[in-house]
Amino acid sequence: MNPIAARVTGIQHIGLPTNDLKKTEEFYQSLGFEVTFRTTLPTDYVVFLQLKNICIEAFQAIGEPAAAGKPGAIDHISLDVDDIEATWQAVKAAGYTPVEEEIDALPYFEKGVRFFNIVGPNAETIEFCQML
C-alpha cells in the first residue's frame, strides 16, 4: 500500500473562504449542519460546521475581503491522518515538499490539531491533519 495512503483515515474538512461568515454559517445550518467549533485567529474568524461525516471549515479574513466569491473557490481539502509525524516522513519520502518548514499546530477543538500542507497540480492545497 502507498505509505501516504496508509496514514490517511478520511476527510478531515473542506476549507471554504467567505466574505460573510454569518451568511455562510446560516446557509449551511439551513442544510442541517451544526456548529462544532468557533474561534478567532489573528488573521481570520473561523467556524467548523458538521453534518454527519462532512465537515466544513468556513473562514473570513479579518480586514479586507479575501474570498474569490466564484465557482472553484474552495481553499483546501484536509485529510485526517493517524500519525502526523509518520505522514510528514512519507510525504517527504514520496518527493513532495511541504509548504511549512515543520509540522504546524493550532488550538482547535479540545486538544488542538497538528498539520502541514502540500500543493497539488492545480494549485490546490492538500492539508494533512491530526486531531490531538
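**Pockets, sheet and helices of the predicted model**

The largest pocket is lined by 18 residues, and Glu57, His76, Leu106, Tyr108 and Glu127 sit nearest its centre. Here a pocket is an open set of points, on a 1 Å grid over the protein atoms alone, with protein on both sides within 12 Å along at least five of seven lines; a 1.4 Å probe fits at the points, and lining residues have an atom within 4 Å of one of them. The space inside the largest pocket comes to about 270 Å³, a volume being the space filled by probe spheres set on the points, with grid points joined across faces, edges and corners. Sorted by class, its lining holds ten nonpolar, four polar and four charged residues. For that count, Ala, Val, Leu, Ile, Met, Phe, Trp, Tyr, Cys and Pro are nonpolar, Asp, Glu, Lys and Arg are charged, and the others, Gly among them, are polar.

A word on the ground rules: this is a predicted model, in which local features need pLDDT of at least 70 and side-chain atom pairs count only at pLDDT 80 or more, while totals for chains, interfaces and linings use all residues. Residues are numbered from 1 along each chain as its sequence is written, and side-chain values use heavy atoms, with hydrogens and water left out.

The second largest pocket has about 180 Å³ of space. Its lining includes Leu16, Pro17, Thr18 and Asn19, along with Ala67, Ala68, Gly69 and Lys70. By class, that lining splits into six nonpolar, five polar and one charged residue.

On to the sheet. Eight strands make an open sheet with mixed pairing, in the order β2-β3-β4-β1-β5-β8-β7-β6. Two strands pair if DSSP finds at least two bridges between them. The edges belong to β2 (34–40) and β6 (104–106); each has a single partner strand, so one side of each is left without a neighbour in the sheet. From one strand to the next, the twist averages 30°.

Strands β3 and β4 run antiparallel and are joined by eight bridges, with Gln50 partnered by Cys55 in β4. The loop between these two strands holds Lys52, which has a positive phi of about 55° although it is not a glycine. Lys52 is exposed, at a relative accessible area of 76%; exposed means over 50%, buried under 20% and partly exposed in between, using a 1.4 Å probe and protein chains only. Ala58, in strand β4, is buried with a relative accessible area of 0%. Setting aside neighbours within four places in sequence, Ala58 is in contact (heavy atoms within 4.5 Å) with Leu16, Leu21, Thr24, Tyr45, Val46, Val47 and Leu49. Its C-alpha atom is also 7.7 Å from that of Glu25, a residue 33 places away along the chain.

The β7–β8 hairpin has five residues between its strands, and Ala123 in the turn shows a positive phi of about 70°. Five of the seven residues of β8 are buried, so β8 is largely enclosed by the rest of the structure. β7 is mostly covered too, with five of its seven residues buried. Three bridges link β6 to β7, again antiparallel, and Leu106 stands opposite Val113 in β7. These two strands form a hairpin with six residues between them. Phe109 lies in that loop, has a positive phi of about 60° and counts as partly exposed at 23% relative accessibility.

Helix α1 (residues 21–30) lies across β1, β2, β3 and β4, running at about 5° to β3. Helix α2 (residues 84–93) packs on the sheet and touches β5 (76–81), β7 and β8, its direction making about 15° with that of β7. Such angles run from 0 to 180 degrees between N-to-C directions, the axes being lines fitted to C-alpha atoms, for helices over the stretch in contact.

Notes. Helices (H or I, at least four residues) and strands (E, at least two) are DSSP runs, numbered from the N terminus.
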